[in-house]
Amino acid sequence: MKEAVLGLDGGASSSRWLLLDSQGQEVFTGRLGAITGHLFDEAAREDVLGPLETLVTGVRTVLEQHHLKLTSIVAGITGLSEGDESAQFLENYLRNSLNPEKIGLYHDMVIAYRNAFKPGEGILIYAGTGAIAFYMDEEKSLRAGGYGYLIDDEGAGFGIGRAALQWLMRAHDETGERVGGVLAGLLYGGVGSSHWPQIREAVYGGGRSKVASLAPLVNQAAQQGDKAAQHILHKAGQELTRLVKALQKRLHPQTLPIAFAGGISLFPEVVQTLAESLGREEIKCIIREPVWAAAEMALDFI
């Protein structure tokens, strides 16, 4: 029976999995709900079981259809601390459900970095729902940011969405009327109403993911020339610059390439601000999804 490997990229908003055959050819790819390492209580573990069960069912079905045996798994999971109880819970679940010969679980920034650089080659700034700057070589890893939305996720999707909502509601406070303009119109559409009770329900019912989902609307408004949206994204770029400079200072005197990944790397205003603030002609944006790096790492286990 031919062999296959599984790569998994677990995120705070959504996750992705990829099966490759032993020659590195794509067999199947799928998307899932959130899978994180923030499994600090029984309720959190119950929440992650749904996406995990979907993953296992999907992988088993594809393996059976293609007559493949799963040899190894590499997963990058946001918020994971290697070797702690949450990591052990996830590893045991995957091992018992899919029975791979080898399995490796890492913080998601390990696979994101490997998707952009070989160890020691550069600094990665990653901004999706949250934001972090990351460097790793054969001996160490360094990070700045990545502390989560309750502490500091400025510059990422949640921070951008929150800043946009803050701007919207403060503008409403000035007149008590519906706010005009491109950004306001898009935000009202994003939350489904211009009335506070419905906005409150959408935001507090949807939580972090709902707020982060508004970030593309800010980008859309900025591309249409909305000054408030452009200002929000410019500030986001400055926040991401701060993370990169923090690592540059700790790595002194090295001057390393910078790469930008995650959904916010698709926002031109943020990319431009980041490049200008760092004194770079351009910033390399990584389009390929990190799940590919996870699957390629799993191939190395064969």
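Modeller: Helix 1 has a kink of about 30° at L49, shortly before the proline P51. The model is predicted, so local features need pLDDT of at least 70, side-chain atom pairs count only at pLDDT 80 or more, and totals for chains, interfaces and linings use all residues. Residues are numbered from 1 along each chain as its sequence is written, and side-chain values use heavy atoms, with hydrogens and water left out.

Colleague: What is meant by the bend at a residue?

Modeller: The bend is the angle between axes fitted to the seven residues ending there and the seven starting there. At L49 the kink is about 30°.

Colleague: What span is expected of helix 1, and what does helix 1 reach?

Modeller: The expected span is 1.5 Å times one less than the number of residues. Helix 1, residues 42–66, has 25 residues and reaches 36 Å from its first C-alpha to its last, close to the 36 Å expected.

Colleague: Why is S97 called buried?

Modeller: Buried means under 20% relative accessible area (exposed is over 50%, partly exposed in between; 1.4 Å probe, protein chains only). S97 has a relative accessible area of 17%, and is therefore buried. The residue lies in helix 2.

Colleague: Which residues does S97 contact, leaving aside its neighbours within four places in sequence?

Modeller: They are V56 and R60, where contact means heavy atoms within 4.5 Å. V56 is itself one of the buried residues of helix 1, and helix 2 (85–98) is among the elements covering those buried residues.

Notes
Helix = DSSP H or I, 4+ residues; strand = E, 2+ residues; numbered from the N terminus.
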